[in-house]
There are 2 protein chains.
Amino acid sequence: MQHHKVHAKAMAAIPYTLYHGTFIHTPELDRLEIMNNALIGVNQKGEIDFVSSEYAGGSQEEAIMFFEQKTGESHSQFKYVDTSKDPLKFFLPGFIDTHIHASQYPNAGIGLESLLLDWLTDYTFPMEDQFTDTNSAKIELAKKVYSKVIDRTLRSGTTCASYFTTTDPHTSNIFADLCLKAGQRSFVGKVCMDHNETYPSYEESFEECQDSMSSMVKYISSINPHNETLVRPIVTPRFAPVCSRKLLKWLGSFASEHNLPIQTHIGENKNEIKLVADLFPECDNYASVYSDHDLLTNTTILAHAVHLTKAERLLIKKHLCSVSHCPTSNSFLTSGEAPVKQYLHEDKINVSLGTDVSGGFDSSILTIIRQAILVSHHLAMKSNDETDVKLTIPEAIFMATKAGAKAVGLEHQIGTFEKGKRWDAQLIDLNSPNSIIDIFDWQIKKDRKSMSDLLGKWIFSGDDRNCIKVWCNGRLVVDKTVDEWVFIKH
Amino acid sequence: MQHHKVHAKAMAAIPYTLYHGTFIHTPELDRLEIMNNALIGVNQKGEIDFVSSEYAGGSQEEAIMFFEQKTGESHSQFKYVDTSKDPLKFFLPGFIDTHIHASQYPNAGIGLESLLLDWLTDYTFPMEDQFTDTNSAKIELAKKVYSKVIDRTLRSGTTCASYFTTTDPHTSNIFADLCLKAGQRSFVGKVCMDHNETYPSYEESFEECQDSMSSMVKYISSINPHNETLVRPIVTPRFAPVCSRKLLKWLGSFASEHNLPIQTHIGENKNEIKLVADLFPECDNYASVYSDHDLLTNTTILAHAVHLTKAERLLIKKHLCSVSHCPTSNSFLTSGEAPVKQYLHEDKINVSLGTDVSGGFDSSILTIIRQAILVSHHLAMKSNDETDVKLTIPEAIFMATKAGAKAVGLEHQIGTFEKGKRWDAQLIDLNSPNSIIDIFDWQIKKDRKSMSDLLGKWIFSGDDRNCIKVWCNGRLVVDKTVDEWVFIKH
């Protein structure tokens, strides 16, 4: 297979850019850093060249002079992005969604009456089965759905996502093309499953899976821009109940051989856990099913992890796996309340956030942050010591950014604003023309308390309308100030 | 006091209008009626003149002919609103928000770290205290906040709301003016409280409260449009801990004397319940505090009711009071999970929905419906029989419309599409130009299952952008197809 697409956004040249304004990020769990009036330089590779948090300049000329003095370099062309005059704008690292089923996007909001296992059979498998074909109508459907979900997530500030597609390799490759076209950093997980008892038409054979995985890895390695790796394959056994032992074992060795990350589901629902125990009586527990088949690595993402035993938590910690917490999905499908604060602080497990579209009805990580906090409040209602249970806003932002970066194995490349990392970022405007947040004059101050109140307003009342620009790897991939003109007359 | 405002929207003449399209409402708890291709006539009083659910016509002329044959009347002027060609548009009764603090709107999203009693002292009382003045800067502040909250709720489809303002009568009257100006049906609850231990500067004396209540009732009765009652006063003892026995008793008799509805808080938080037990040792329980002071009537709204004993539920049922369930607030402030399904089906209590701005961070009843369902799922996680606990979409819509109408004492006037009721309605467009919902071609069908799936998409993924027109009492008060031009370029 050859390059056969125009990857417009991911192929564009990156101008050296100086960003001047307020930057917010979470270098550590529960430590939110607000850099007012900082200057960040991003080079032509999309890398953060320097971060000056104590920058005093005001104009483009001053910024360029500052750059030249600081780096000893000079460039013939600069871009200067200045939001420093606007107290309601700030930059945040792009969100990282560590669990999302791209193919299920049309089902978002549908299936409320079901629990996990019925929901898979009644809604999910029939939907995904649509993609498993090579006829042209099905390919058009795949393109439509995949383009939409990439567009929606990107426009909500998700600069990196770890996706499940379907078992079909052809449309999974198309999905990889579309990610590059949109410029989103992404992990493409062709779903692997050779044993689907409840919906037998939607499965592949062991050999088909082997072929598909090999050709997909080859294809994706061929399409990235020069010197960049924006789109990567991820080894994706759907979950233990639909995989043979042989397939699980092979996927474990395939991941190791090709140095690939892994993603799957664990401990989402009690009936599912019982089913796994029945199907794998030789394994100690659900997590052991994966470790026994060499699927627990330091780049394994375990989605949900609502119901874990102490033994499982120790095993997950031992292998340095990450959890993808999907609170919206867990509430929608009545799966349960994952004790995330405990995973973070007691078990020291890396916990990131996932939308889990379409178990989760929302494709925006901002609303997942909100729901993660609310779900932790529901856990706190039954707890004796609330502070041990309730997530803070900084913790939730950390999970959505830096922990996400670690989960996908890119902790040195994305997740915070630090020298050497890639410029994957979003510009938030609390006063965007069509914003649903109302902020009153007296609330606009730049002190820490006011900023923290404004952050609360954004987390709880904001939405995609407040995310006005998005960059992946230094490239501006969403610009609503140009794409959308909104006129509101009152 | 005299009319001193131009009440533009509430004073406008109402043209006889024929509405043709899909209408969805809940005539009974858990019975959702979808009328495809129906015709509804609304007369010049804003009353529904007829509902024809089996209407077969197609053009304006046919609709007028149908009207003339059906009613034997004729009019020189008709308005014809036709959405019947668009499968993604439907009419729904306007939402009824039975618990919202207008004055707290600036605090939405702020105060996550607090529980109820601290939150009141640290955030709420200082905010409301700003309104308690007659100097012109404070009046401007009040106008700004009040205009904004009325505008936001109306634009999210709330056609009727029962508001708390502050203790201040002057700005409460201004609030009533602003409701008329915007055309929203509303209940204005000047907050009554003569005993505020934790924030003593924000309280009134018993006599001040008496004067304020009398003058407010007089003022509001003077400002409504001819032959209509759009804005009404509601007797509002804040909650037991901040009211003297004398004040509670007087407010009970004042409500009875003037035939006014009542609203207050109950059983929101465990420390609050303990405080009430300490302050009113002579009363059997929290609900008894109110019944002992003649405050439980068939038009009393009890907000929250998270933690009620069986004795309290019986007392509330006996007096035919309504509950305002505020799930978003209860999750945000970690107050608890109200067993609403049990109230509805076992206790046969009328349960409506409230945003509880700013304990609740969201001013839209659509998102309260969503959160009510999710909170019921959290209750179900601990229940043996899930179906006894989980709210359905029809139940939640019922709570947001018909139960709300009953709570505010207008069950014969609003809440469903029935002959004789007022046309308080919203037009939902799942495909509005800036909609965040994505619907794919094959999902657009008019059968019951598809409509129910689309309703799920709206409830879980939709927002204010899908509410494109709003009518109160027959008058078009929000029209986003005219007010907002949105151009999205891709």
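**Interface between the two domains of chain A**

Two salt bridges are found across the interface of domain 1 of chain A and domain 2 of chain A; a salt bridge is a side-chain nitrogen of Lys or Arg within 4 Å of a carboxyl oxygen of Asp or Glu. A:Glu228 pairs with A:Arg475 in a salt bridge, with the closest N and O atoms 2.7 Å apart.

The model is predicted: local features need pLDDT of at least 70, side-chain atom pairs count only at pLDDT 80 or more, and totals for chains, interfaces and linings use all residues. Residues are numbered from 1 along each chain as its sequence is written, chains are lettered from A, and side-chain values use heavy atoms, without hydrogens and water.

Domain 1 of chain A covers 10-93 + 423-483, and domain 2 covers 95-407. These bounds come from an automatic or database domain assignment. The domain centres, taken over C-alpha atoms, lie 30 Å apart.

Contact (heavy atoms within 4.5 Å) links 34 residues of domain 1 to 31 residues of domain 2. About 2,700 Å² is buried between the two domains; this is the accessible area (1.4 Å probe) that two parts lose on being put together, summed over both. Carbon and sulfur atoms give 66% of the buried area. A:Leu29, A:Ile459 and A:Phe460 supply 23% of the area that domain 1 buries against domain 2, more than any other three residues.
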